[in-house]
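Notebook open. I want to look up a helix and some strand pairings, and jot down what turns up.

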Amino acid sequence: MKILVIEDDPTVGEFVKRGLEEHRWTVDLVADGAEGEALARSQPYDLVILDLRLPGRPGPEVLRNLRARGFERPILVLTAQDAVDAKVETLRAGADDYVTKPFAFEELLARVEALARRPRALASQRLTVADLTIDLDAREVHRAGRPIDLTPKEFLVLEYLARHAGRVMSRTLITEYAWGYHFDPGTNIVDVVITHLRKKIDAAHAKKLITTVRGVGYVLKG
Amino acid sequence: MFWSLRGRLTALAVLGGAGILIALAVILLSAERTAGERDLRRRVDEMATIADQLIAQGGVQRFSGVVVRADSARPEALSAATGRLLATVPGYVIVADPSRPLYLSASVASLSLRDRETLVQAITGLFSPDRPAAFVQLEVARLYVRVRFTTDSLAGVPVRVAVGMPAEGLSLVRLDGFASSLVAIPLLILVTAILAFSVLGSGLRPLERLARQLEAIQHGRSLHRRVAIEGDAEEVDRLGETINAMLDRLEASFASLRRFTADASHELKTPLTVLRANLERAMQLPNVPAEQLAPLEDALANTARMADLVDALLTLARADEGRFDLHREPVAMEPLVAEMIETATILGESAGIGVRRLGTEALTVPGDPNRLRQLLLNIVTNAIKYTPRGGTVSIGLERRGDQAAITIDDTGVGIASVDVPFIFERFWRADRARVRGERGGLGLGLSIAEWIAQAHGGTITVASRIGRGTTFTVQLPLARDGEIPSL
């Protein structure tokens, strides 16, 4: 599966490229609009990620040109503008979705996977960490075969940690995942949820799955 | 100034018309009166002359006694033949010597004793050759009387010949005729009003048309449209051209504002994206020690906060521009409120605040789910923040008419009534006695909340008592049946 990223900012471009490669996509990165358009038309990409402000040829023009010449694969637009009319115009010009800057990589990945109609991962229906299983469809959690009853926010936080099992996930990223981008509680809301999760998941077991990383966040590992 | 221009001009026309009519009536009336009086005087003079000549002729012909019988005891001191001649003169006729009446016509004789006395006294006393005519008021009528002074040729006695005619009789008849024409005045005013109203209506039509076009432009927020120049009314055309020129300038300045907002969005958000990408990547490198992760997490948290602040500022800048457009889709309010209750419960737990669920209902609002979540989270976190330990925050959802009402009620410190009008202002914060938590928030939370409510066609209202608590009520219009949510 191949993705073309047309983004002139090298940091953002590299960040997107590496992140997608970690999720087993093949990624080509170009910084120039005209060059990107030519590449998209000559190679069989599964998806194009297009920044709207580009040297060479502006993003909206690239978008219109590709669509006018029969390019049928999904195009995901990166935009700094969150004005609705700008977004509507982008979608009218032929984009399939957009991500507003600044974005969390998690959000971009979700949009890419949705557009490519590829299951998030092979285990996406069911996440497993040691003897903990999370059924994403039924929204059920079991530890050592025993069902555990979680509230919606507890489920979201646990799911996020399980998706990135073994990696330290920061409070900021957890908050954004569970409460959305505009939430800035200025409190220890994640810590409270983790306390609940510990009681429900780890309290009855000798092996503790949730570990605190002071000043950063939490990690779930088996 | 609640009158329309058309109404005011009509009223002016009616007032003017009525004024002219009344002035005309007064002029005609007085002219009529003078003409009537002149007529009366002429007739009375004529009759007096005739009577005088009749007596003179009688004297010349020396019939049996035109002569005054000076010693006569009888009242008729004039000869019967002269008396018969005089009887042909109409009106009140009296012939008298300086001391007593010599002849009274039949109409004088038919007067009451008092009237006759008044008349005779007037003729012997009131009149002189300098003042030969005057009005005499009797009980039955007001007479205009003319006296001629002559001398009986034979006896050498001065004689007064008086002829009187009623003044009112004549003029009253004419006044009656005129009064009936006065009745027509209100009718004339009504006709004037109707005529003026319809004429003005057609005269003001170009202005009316211009106003309607401007209303359409204003309501549709469609600054690209222009008013039509019809070329049928010079003044209105000029007004239209001026308005179009003004619309040109407005459109240009709005466009440049929009461009600025877009540029600012890009200029501010691109570096934030780079910053954020770098931080996320650095944190995901394998084997980063925790002591290096902590400052990275702190930087990420502040980058997120900054991104949120930039978003809030740009959103409010667009709101100032009058743009409240939003992405719309049907949003089920019940799960959203349930989410708020859960979040409030989590936040309240460590702060020692109980959270109660009031009533809830399955309601759907056309809106942007992320923005609605942001709106409610802002108010809920605010309520928790300003409620002391042991207090309660209650959250409810109910239908009020065609609106969904979300109430967030706390037993917190409350807001002084003087402060209530300001709480939605940007960066405003009351000097509250106690603010828990290390940060009080950005000071934009309630401004953004208000903008989101307004952008959904809704409202936020606040009721508060200091020391007792605050109730925020968010009202949002419900989805109407058959309404297709637009993108």
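Predicted model: local features only at pLDDT ≥ 70, side-chain atom pairs only at ≥ 80, totals over all residues.

I started with helix 6 of chain A, where the buried residues are K153(A), E154(A), V157(A), L158(A), L161(A) and R163(A). Buried here is 20 or more other C-beta atoms within 10 Å of a residue's own, exposed is 12 or fewer, and partly exposed is in between, with C-beta atoms placed from the backbone. Helices (H or I, at least four residues) and strands (E, at least two) are DSSP runs, numbered from the N terminus.

Residues are numbered from 1 along each chain as its sequence is written, and chains are lettered from A and ligands numbered from 1 in the order written.

Next I checked the span of helix 6 of chain A: its twelve residues, 152-163, reach 16 Å from first C-alpha to last, close to the expected 16 Å. The expected span is 1.5 Å times one less than the number of residues.

Then I moved to chain B. Strand 3 (residues 133-137) and strand 4 (residues 142-151) of chain B pair antiparallel over five bridges; pairing takes at least two DSSP bridges. I found F135(B) opposite Y144(B), and four residues between the two strands of this hairpin. Strand 4 of chain B also pairs antiparallel with strand 5 (residues 158-166) of chain B, over nine bridges.

Last, I looked up V393(B) in strand 9 of chain B, which stands opposite V355(B) and also opposite D410(B) in strand 10 of chain B.
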